[in-house]
Structures are given as C-alpha cells and as structure tokens.
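Please read this short report alongside the chain.

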Amino acid sequence: MKGGKGWIPLAAIALSIGILPWLRELTGFPASYLVLLSAVLFWTAQATSWNILSGYSGYFSFGQGAFYGVGVYALAVLVGRHGQSWWLGLLLGGVAGLVLALVIGTIAFRLRSLRGEIFALLTLAIPFILSAIARVTDSIDGGQGIILPVPEYPDFFGPFQQFIFWLSGAVAVLALVIAYGMVETRYGWALFAIHDDEAVAEGLGVPTFRHKMIAIAANGLIAGLSGAVSALQVGFISPEGTFNLRVPLFVIVMSVLGGRLFWAGPAVGALYVVTLQNRLAGGFEGWSLIILGAVLVLLVLFAPEGIMARFVRRPWTIVAVAAGVLAALALYGEWGDPVSWFALALGSAAVVALLPAGTIAGRRTASPSSRLGSALADPGEPETSSPGIGKTLVEAGEVTRRFGGIHALRGVSMRLSEGELVGLVGPNGSGKTTLVNLLSGALRPTSGSITVDGVDIVDMAPHQIVHQGIARTYQIPRPFNSLTVKDNVVVAIMFGREPRGLAASRQAAAEYLALVGLSDLGDVRPGGINLHERQLLEMARAMATRPRILLLDEALAGLNPVEIDNAVAVVRRIHRSGVSIVLVEHLLRVVNQLATRIVVLDQGRLLAEGDPATVMQNPAVVSAYLGSEAHARRD
C-alpha cells in the first residue's frame with residue numbers, strides 16, 4: 001500500500017510513453033506493438049480508476065461500464081453527430097463520467113442501506129439503463145450506431161495509432177498519478193480505513209462521505225476520459241458494444257490480480273492479462289478464455305493479496321530474473337518474437353514472486369509476557385496524583401433512545417467534568433453501550449440533549465464529534481486489519497482534533513504506541529496480536545485523535561488478571577495526561593480502584609451516582625447487581 005519512492009517508476013513510465021513512438025521510427029519495430037501497448041494503457045486507466053473507489057474503499061462497483069460508456073457516447077455524439085473537435089469530445093467524455101459518478105455517489109453514499117452487495121447491484125443496473133436510453137433516443141444513438149471519422153489532429157503526433165497511443169498514455173499516467181497521490185496523502189488513507197470499517201473510520205474523525213465522493217469522482221473522470229479515447233480508436237459505436245459487462249469484469253480481474261492496496265497493482269494486472277490474451281489469441285482461439293481463467297484462478301489462490309504484494313517482498317530478485325530471461329531469449333533469438341519473450345519474462349517473474357518467502361512479514365518481536373513489562377513501567381507522575389476537577393465538559397439531559405418498542409434509555413441525565421474518571425456501570429442490558437454510542441454520535445437520541453463544552457452535538461456526524469474532543473474505544477476491538485498497528489494510529493492522527501499530514505503522523509505515532517506499551521509491535525498487523533494488545537491499540541488510536549473526553553467501552557473485557565493490571569496502569573496514565581474518562585466496566589473492583597465518581601444504570605434509567613464508596617453501599621445498586629434475595633440476606 002505504501003508508495004515510498006513511487007514517483008521514480010511513475011516518471012519512468014511517463015518518459016517511456018513519451019519517447020517510445022520516436023524509438024519506433026528509429027528502430028522500425030512493428031506498429032502492432034504500439035497497438036498492444038495502447039491496450040495495456042487503456043486497461044491500466046480503467047482498472048486503476050476502478051481500484052481508486054472499489055479497491056481502496058471497498059465499495060465494490062459494477063458501474064465501470066457506465067462511466068466508460070458515457071465517455072464513449074459523449075465523444076461519439078459530439079464528434080460523430082455534431083462534427084466538433086476531438087479534444088472537446090475528450091473533455092466532455094471526462095465531464096460526463098464525472099457528473100454520472102457524482103450523481104450515483106450522492107444517492108448511494110447518503111443512504112446507509114446502499115452498501116455491500118446492494119451497492120454492487122445498483123451499479124450493475126446502471127449500464128443496462130444507459131444502454132436502453134441510448135438505443136431509444138435518436139439524438140444519442142437510436143439503435144443505428146454512430147460512425148466516427150478519423151479525427152484531424154496535429155501532424156507532430158505522427159500516424160493515427162501513434163496518436164492514440166499518446167492519448168491512452170496520457171490518461172493512464174493521469175490515473176496512476178492520482179492513485180499514487182492518494183496512497184501518499186490523507187485521501188487514500190481515509191479510503192483504506194473506510195474499506196476495513198467505515199463506522200470506526202468515521203468515529204476517528206474521517207469525513208467518510210466526502211472521501212467516498214472524491215473517490216467515485218476520480219473513478220468517473222478517468223473512466224470517462226479513457227472511454228472517449230477508446231471511441232476514437234474503435235470508430236463505430238453501438239449500445240451493445242459499449243454498455244456490456246466486459247469492461248467491469250476485466251477491471252475487477254486486473255485489480256484483484258495486481259493487488260488492490262498498491263497504486264501500481266491494477267497496472268501490473270493489466271499488463272499480465274493483456275499480454276496473456278495476446279499470446280493465447282494466436283493458436284488457442286477456442287481455449288484462450290479457459291486457459292486465461294485457469295491461470296488467473298491459480299494466481300488468485302496462491303497470491304490472494306495480489307501479485308504486487310509478492311513483488312515488493314523481493315523486487316530486485318524478480319527484476320533480475322525477468323531481465324535475465326528476456327536478455328537470454330533475445331540473444332538466442334531462435335524462439336518466438338519479442339512479445340513472446342516478454343510474456344515468458346513476465347511468467348518467470350510471477351513464478352519467483354510466488355515462491356515462499358524466507359521470512360514472515362509481521363512476525364512478533366517479543367513474547368506477550370515480555371511486552372507487558374514495558375506498559376507496566378509507568379514513568380509518569382506518581383499514581384496518587386490526578387487532575388483537579390474543572391468545568392463541565394459533557395452534559396446529557398433527559399436522553400431517551402428507543403429501538404422500535406424497546407426503550408434502551410429512559411430519560412438519563414449525566415455530566416462529565418474536566419479531570420473526572422467516571423465509572424459507568426450497570427447490569428447487562430442497562431443501556432451503558434447505548435449511552436456511549438449516543439455520546440460518540442454512532443446513534444442519535446430519540447429525545448433529549450447532549451452538549452460538549454456548551455455545543456449541541458445531537459445532529460453532528462461522528463467525525464464532527466471527534467473534532468469536538470470525544471473519542472471512544474469498542475467493547476470488541478475493531479482495528480483496521482489491512483493496516484499495521486502503527487498505521488492504525490497514523491489514521492487517527494491524520495483525522496483527529498488536530499489533523500496532520502502523513503509524514504508528520506507517522507513520526508507522531510510512536511508517542512501513542514509508547515503510551516500504551518506497544519512500541520515494539522508497530523509493524524505487526526492486528527491479526528498478529530492478542531486480545532489485550534488489540535484493546536491497548538484501541539486506546540492508542542483513540543488517544544491519537546487528541547481527545548478531551550475518552551469513552552472506554554469495556555476495555556478490560558476478556559483479560560486475565562495480569563493483563564487487567566496492565567490495562568489499569570495504562571488508563572491511569574491516560575487520565576493523568578489530562579483526559580477525562582468515562583469507563584464502562586463490569587469489574588467493580590477496577591471501577592472502585594479507578595473512578596472518581598460512579599454512575600449506575602439499570603433498565604435504561606439512572607439508578608444512582610456519586611463517589612464509589614457511597615454508590616456501592618446503595619441498596620438499590622446492590623439489588624440491581626446481586627438480586628433481591630442477595631440484598632435481603634445482606635440486610
């Protein structure tokens with residue numbers, strides 16, 4: 001996923017596209033090679049644009065054919081029907097794809113129900129609707145098709161195929177630049193977080209709607225431009241040949257094969273698929289799709305994360321093997337043609353990439369027990385020190401929340417002041433997590449008010465509430481599994497209350513990992529750490545948003561006694577840093593140990609509140625926890 005020095009291959013690709021036609025004139029290699037490369041560039045643009053939305057954000061789309069198709073018809077109608085210039089047609093093709101994408105995004109992303117397979121089905125239907133509109137509308141197509149003449153273009157472009165090659169290259173480079181730019185900026189990282197868990201991303205400060213709209217806009221713009229270039233090359237446009245499933249299916253295959261988390265992944269996938277198709281077209285017409293499908297199945301089985309993920313593990317070895325095979329075949333010169341040599345070099349590179357790696361990425365660097373000591377060593381202030389109680393930060397007034405006929409909360413009022421550590425306790429089903437969800441914006445109250453430092457947050461989106469200074473953890477940890485432990489924290493820093501750029505966020509992440517004792521696990525993925533470490537990651541990620549109020553939702557659930565003591569030390573450290581805390585917890589000994597005040601809920605109502613000693617002696621609280629018979633025996 002990381003781009004690193006990706007500008008170097010980007011610059012090399014752009015330079016190669018620029019000079020290759022002139023090299024053809026000097027060396028005399030066949031123009032058919034430019035046709036093949038133009039196909040690679042076309043599919044690179046289409047697959048990369050699809051991946052910006054569907055690969056990065058996880059919104060799986062079959063609408064690529066629609067964006068491509070409106071680009072095709074925008075140029076075809078403008079140039080073929082109205083005799084306008086090709087460059088104006090290209091511009092209109094990109095705008096048409098952009099506008100369609102924004103319309104789809106505005107509808108789909110505003111409705112939370114249009115996600116997953118529903119979003120995929122919605123986008124699948126759009127190309128067929130557009131095809132029917134084009135077929136019955138005389139001013140667009142009318143079922144007759146549109147013939148495009150060879151456009152007039154400046155002589156310095158050379159022959160027509162050279163002209164198409166340069167146009168295809170320009171759009172492909174634009175697509176790669178946008179994809180790389182996203183990987184290296186907050187925009188792409190927002191999409192990676194959305195892909196793994198959109199609700200958590202929103203709860204860390206990511207304005208998810210805005211970033212999804214940016215992604216689908218880039219998708220539509222590039223696909224429309226590429227479609228317009230394709231229309232110039234094809235010359236005859238029809239609804240059946242434009243609005244079909246060929247484009248969406250191929251871009252999905254190329255992106256998945258190449259690797260969705262890598263900006264160059266779809267381009268690598270396009271290179272493999274187009275080259276393989278070209279070689280199979282010679283003598284395997286009847287078997288080409290079967291062979292292609294079998295090869296793709298094998299690659300997906302052995303490299304489900306994409307072939308680029310294997311390339312980056314041993315890049316120089318793979319480059320050396322491919323170059324060696326290509327050089328040997330070229331020197332020998334008695335088998336096949338240069339395209340066959342290149343195809344065999346690509347195959348050799350894939351074989352080497354699929355060999356087992358010598359080391360396992362993300363391996364643990366220390367045992368769980370040895371890591372506990374670093375978190376337990378609390379170099380901060382003495383445990384007896386705590387911040388003084390200050391002004392009221394959060395105030396909930398008569399908050400009610402209903403789920404149909406079920407009342408989860410019934411007129412609960414609560415406040416939280418600066419410097420407090422409030423224990424929120426109660427039996428299962430008492431409404432504790434519901435209240436946390438209301439305070440963090442994950443849910444909205446049916447009635448009542450919630451303010452943060454005097455600001456009403458009831459109608460705010462979760463990412464706006466984060467910027468008011470509220471952060472939360474989850475009862476069941478919900479890390480971004482495709483990101484490392486460190487990068488989980490990086491996302492929170494980039495979109496928290498004091499947003500930073502990618503480079504600054506990567507530097508600052510170490511501070512929050514050290515706060516919770518995870519410094520030696522920064523490069524491990526969440527799947528490689530245990531439950532306690534994932535809970536600590538939740539705390540680090542929440543703290544990385546620089547909150548004033550931290551909501552800890554059963555952060556000690558499922559831990560053993562040693563891990564509980566470790567977590568308690570971390571919570572104390574966070575509290576002493578000046579952050580007010582609401583601690584939802586079932587372990588009353590921990591609550592008594594940590595809380596400056598306790599709030600007890602029962603069946604959605606406020607049962608009691610006050611200092612721990614007083615509340616825990618309250619007969620109603622004892623009855624709620626232990627039952628009326630135990631209360632009677634106690635009396």
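Asp453 is partly exposed, at 30% relative accessibility. Partly exposed covers the range between buried (under 20% relative accessible area) and exposed (over 50%), with a 1.4 Å probe and protein chains only. Asp453 has a partner: its side chain meets that of Arg548 in a salt bridge, at 3.0 Å from N to O. A salt bridge here is a side-chain nitrogen of Lys or Arg within 4 Å of a carboxyl oxygen of Asp or Glu. Arg548 counts as partly exposed too, at 22% relative accessibility.

This model is predicted: local features need pLDDT of at least 70, side-chain atom pairs count only at pLDDT 80 or more, and totals for chains, interfaces and linings use all residues. Residues are numbered from 1 along each chain as its sequence is written, and side-chain values use heavy atoms, leaving out hydrogens and water.

**Salt bridges**

How many salt bridges does the structure hold? The count is 13.

| Pair | N to O distance | Relative accessibility |
|---|---|---|
| Arg548 and Asp453 | 3.0 Å | Arg548 22%; Asp453 30% |
| Arg472 and Asp553 | 3.7 Å | Arg472 8%; Asp553 1% |
| Glu609 and Arg597 | 2.8 Å | Glu609 41%; Arg597 7% |

Where do the partners sit? Helices (H or I, at least four residues) and strands (E, at least two) are DSSP runs, numbered from the N terminus. Arg548 lies in the loop between helix 22 (531-543) and strand 9 (549-553), and Asp453 in the loop between strand 6 (447-452) and strand 7 (455-456), so this pair ties together parts that are 95 residues apart in sequence.

The salt bridge of Arg472 and Asp553 has its closest N and O atoms 3.7 Å apart. Arg472 belongs to strand 8 (residues 470-472) and Asp553 to strand 9, so parts 81 residues apart in sequence are tied together. Arg472 is buried. Asp553 is buried as well.

Glu609 and Arg597 join side chains at 2.8 Å, N to O. Glu609 is in strand 12 (residues 605-610) and Arg597 in strand 11 (residues 597-602), twelve residues apart.

**Inside the helices**

The chain has 27 helices and twelve strands. Look at helix 18 (residues 432-440). Eight of its nine residues are buried, so the rest of the structure largely encloses helix 18. Among the buried ones are Lys432, Asn437 and Ser440. Gly441 follows helix 18 and has a positive phi, near 90°.

Now take Lys212, in helix 9 (residues 208-234). Lys212 is buried, at a relative accessible area of 1%. What does Lys212 touch, not counting residues up to four places away in sequence? The answer is Leu53, Tyr59, Phe109, Leu191, Ile194 and Glu198. Touching, or contact, means heavy atoms within 4.5 Å.

**The whole chain**

Of the 635 residues, 53% count as buried. Along its principal axes, the C-alpha trace spans about 100 × 60 × 40 Å. Among contacts between residues at least 6 apart in sequence, 74% join residues at least 24 apart.

**Domain 1 against domain 3**

The domain assignment gives domain 1 (7-32 + 60-248), domain 2 (391-469 + 547-635) and domain 3 (479-546). Such bounds come from an automatic or database domain assignment. The centres of domain 1 and domain 3, taken over C-alpha atoms, are 36 Å apart. Contacts link 17 residues of domain 1 with 17 residues of domain 3.

About 1,300 Å² is buried between domain 1 and domain 3, and carbon and sulfur atoms give 72% of that area. Buried area is the accessible area (1.4 Å probe) that two parts lose on being put together, summed over both. Arg186, Trp189 and Leu204 supply 56% of what domain 1 buries against domain 3, more than any other three residues.

Zero salt bridges are counted between domain 1 and domain 3. On the side of domain 1 that touches domain 3, helix 7 (186-196) and helix 8 (198-203) are the elements that give two or more residues. Helix 7 gives the largest share, six residues.
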